[in-house]
Amino acid sequence: MQGGAASAHAADGAPEEMAAFFERRLDIYEEHQLHAIEGAALFYRRTADFLPASAGAEVLDLGCGTGLELGFYYAVNPTARLTCVDLSARMLAVLREKFARFSPRTVCASYFDLPLGEEAFDGAVSVESLHHFTFEEKVPLYANIRAALRRGGAFVLTDYMEEDEQASRAAFCEKARLLAGREGLYHIDTPLTVRRERQALLAGGFARVREEGRWGKTSLLVAERD
Ligand SMILES: C[S@@+](CC[C@H](N)C(=O)[O-])C[C@H]1O[C@@H](n2cnc3c(N)ncnc32)[C@H](O)[C@@H]1O
């Protein structure tokens with residue numbers, strides 16, 4: 001959760017487990033995302049432009065939270081059929097209530113553990129979720145996303161990325177210090193650089209990756225499969 005007071009650690013400075021972090025801040029979550037992150041008013045809307053516009057398109061959303069990106073996507077494609085994955089049951093409950101009329105399918109799981117299927121989706125998206133993980137964790141996930149896309153499909157990644165290699169490295173060092181060998185998924189921002197993120201997508205088997213926009217520290221990458 002980039003930017004602002006809401007991204008601070010717990011009062012005692014201890015790292016917070018991922019789902020618990022978001023659930024503790026659920027009451028301010030959408031306000032923070034839309035107003036404390038530079039460019040949010042633009043990049044959520046722009047993300048929807050790169051998702052399939054065809055009737056009944058099957059789309060996978062990884063780390064969907066309460067579905068901010070889906071409000072914009074359903075506005076352009078109300079017939080889309082969404083599969084929404086998140087670690088937090090409470091974030092998913094809000095999403096289901098908000099979008100009840102579209103009947104999205106929700107899955108409470110880690111996208112690292114979930115089989116995503118073979119050629120099952122016309123498009124995939126992830127917004128402001130993957131900046132907590134390493135290059136090495138992302139490559140196999142990106143390979144799974146690619147395998148889950150039908151031919152000609154694309155994965156739209158709108159996320160916090162650094163331009164400066166040193167800032168990215170410093171974030172990973174700080175994470176290692178805070179976790180001190182602890183296992184599990186914790187909410188600590190560790191953005192890759194835009195360059196490394198593109199490399200991870202290409203290493204996962206995507207044919208081409210293009211940057212379609214950058215707002216503050218958020219980039220929108222479109223990774224295409226042939
Ligand atoms: C900052 S929120 C973004 C939510 C939504 N995409 C948006 O932009 O409003 C990050 C979300 O990613 C989820 N998340 C983080 N790691 C995850 C994982 N490994 N598997 C599934 N969800 C994850 C969190 O639970 C949280 O809801």
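A residue is counted as near a molecule when its C-beta atom, placed from the backbone, lies within 6 Å of it. By this criterion, 23 residues surround the ligand, and the closest are Gly63, Gly65, Leu68, Val127 and Ser129. The structure is a predicted model, in which local features need pLDDT of at least 70 and side-chain atom pairs count only at pLDDT 80 or more, while totals for chains, interfaces and linings use all residues. Residues are numbered from 1 along each chain as its sequence is written.

Helices (H or I, at least four residues) and strands (E, at least two) are DSSP runs, numbered from the N terminus. Two or more residues of the ligand shell come from each of helix H1 (18–24), H4 and strand S2 (81–86). H1 gives the most, with three residues. The shell divides into 13 nonpolar, seven polar and three charged residues, where Ala, Val, Leu, Ile, Met, Phe, Trp, Tyr, Cys and Pro count as nonpolar, Asp, Glu, Lys and Arg as charged, and the others, Gly among them, as polar.

Seven strands form an open, mixed sheet in the order S3-S2-S1-S4-S5-S7-S6, two strands being paired if DSSP finds at least two bridges between them. Strand S3 (105–108) and strand S6 (208–215) stand at the edges with a single partner strand each, so one side of each is left without a neighbour in the sheet. Strand S1 (residues 58–62) and S2 pair in the parallel sense over five bridges. Leucine 60 has threonine 83 in S2 as its bridge partner. Helix H5 (residues 89–98) packs on the sheet, touching S2 and S3, and its direction makes about 175° with that of S3. Here axes are lines fitted to C-alpha atoms, for helices over the stretch in contact, and angles run from 0 to 180 degrees between N-to-C directions.

Helices also meet one another. The axes of helix H3 (residues 40–49) and helix H4 (residues 68–76) come within 8 Å and cross at roughly 45°. That makes H3 oblique to H4, as angles under 35 degrees count as roughly parallel, over 145 as roughly antiparallel, 65 to 115 as roughly perpendicular and the rest as oblique. Tyr44, Arg45, Thr47 and Ala48 of H3 make the contact with Leu68, Glu69, Phe72, Tyr73 and Val76 of H4, contact meaning that C-beta atoms, placed from the backbone, lie within 7 Å. These contact residues divide into six nonpolar, one polar and two charged.

Notes:
Contact = placed C-beta atoms within 7 Å.
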